[in-house]
Amino acid sequence: MPTSSAEAAGPRGQRAHLRLVEVAAGYGAAPVIQDVSITVALGEVVAVIGPNGAGKSTLLKAVLGILRPSQGTITLAGEQITGLPANKVSRRGVGYVPQVKDVFEPLTVRENLEIGGYALPRGEVAARIDEVMERYPALAAMRNRPAGYLSGGERKLLAMGGSSCAGPACWCSTSRPPASRRSSPTSC
Ligand SMILES: Nc1ncnc2c1ncn2[C@@H]1O[C@H](COP(=O)(O)OP(=O)(O)OP(=O)(O)O)[C@@H](O)[C@H]1O
Ligand SMILES: [Mg+2]
């Protein structure tokens, strides 16, 4: 995977929120990605572009704690998250929209959003779902439909809505965010 240079801040001088320094990760002895350094500032959107199999999803899995980096460091708001398990990275405010297996097909749209908010205090989940449905009215119209019956685009919208339910400060997606989400928190 191509390497980018590490910067201490975003292109307009903003403070780094998510910072990867010389990260390597993979699934066996040979790393799929190596020497990857990226800085994402608050409010900044960073796209990682590359051909199929280049290692884009592998990079996000290393950030999310799904894969443990074999080298390098990852910090969020100045704190080390390198090698933390995914549940702890998620609770620190990193949202993730997987490329595949992104929704629970037998569950309804609303039930999927409830799962997205599982880490929130119980009393906050309904209000957060209302906010997400207000932001994505298409989801409100389909709230009782099983996720397995959605179109590809509707399904991706639900996956993004579910991730939004947790109110992430940093958002990692394998797809282009929908229009209403493009001015979101930090994304990569
Ligand atoms: N669980 C796994 N075990 C072993 N190898 C894997 C695994 N997942 C992915 N790979 C391999 O790692 C490499 C990088 O895969 P990755 O999914 O990161 O690519 P990508 O850039 O996201 O591709 P795409 O654009 O097709 O989504 C590929 O060669 C892929 O076959
Ligand atoms: Mg991928």
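This is a predicted model: local features need pLDDT of at least 70, side-chain atom pairs count only at pLDDT 80 or more; totals for chains, interfaces and linings use all residues.
Close-up 1. The buried residues of α6 are Lys156, Leu157, Leu158, Ala159, Met160, Gly161, Gly162, Ser163, Ser164 and Cys165. That makes 10 of the 14 residues in α6, so the helix is mostly covered. The cover includes strands β5 (94–97) and β6 (170–173). It also includes helices α3, α4 (125–135) and α5 (137–141).

**Close-up 2. The span of α6 and the residue that follows.** From first C-alpha to last, α6 reaches 20 Å. This is close to the 20 Å expected for its 14 residues at 1.5 Å a residue. Gly167 follows α6 and has a positive phi, near 65°.

**Close-up 3. Helix α3 packed against helix α6.** Two packed helices are described by the angle between their axes and the distance between the axes. Here α3 (residues 109–116) and α6 (residues 152–165) pack at about 35°, with axes 7 Å apart. The crossing is right-handed. On the α3 side, Val109, Asn112, Leu113, Ile115 and Gly116 make the contact. Five of the contact residues are nonpolar, five are polar and none is charged.

**Close-up 4. Strand β3 and its pairing with β1 and β4.** β1 (residues 16–25) and β3 (residues 71–76) pair antiparallel over five bridges. Ala24 stands opposite Gln71 in β3. β3 also runs antiparallel to β4 (residues 79–80), joined by two bridges. In that pair, Thr75 stands opposite Gln80 in β4. β3 and β4 form a hairpin with two residues between them. Ala77 lies in the turn and has a positive phi of about 50°.

Definitions and conventions:
Residues are numbered from 1 along each chain as its sequence is written. Chains are lettered from A and ligands numbered from 1 in the order in which they are written. Axes are lines fitted to C-alpha atoms, for helices over the stretch in contact, and angles run from 0 to 180 degrees between N-to-C directions. Helices (H or I, at least four residues) and strands (E, at least two) are DSSP runs, numbered from the N terminus. A crossing is left-handed if the near helix is turned anticlockwise from the far one by less than a right angle, and right-handed if clockwise. Two residues are in contact if their C-beta atoms, placed from the backbone, lie within 7 Å. Ala, Val, Leu, Ile, Met, Phe, Trp, Tyr, Cys and Pro count as nonpolar, Asp, Glu, Lys and Arg as charged, and the others, Gly among them, as polar. Two strands pair if DSSP finds at least two bridges between them. The expected span of a helix is 1.5 Å times one less than its number of residues. A residue is buried if 20 or more other C-beta atoms lie within 10 Å of its own, exposed if 12 or fewer, and partly exposed in between; C-beta atoms are placed from the backbone.
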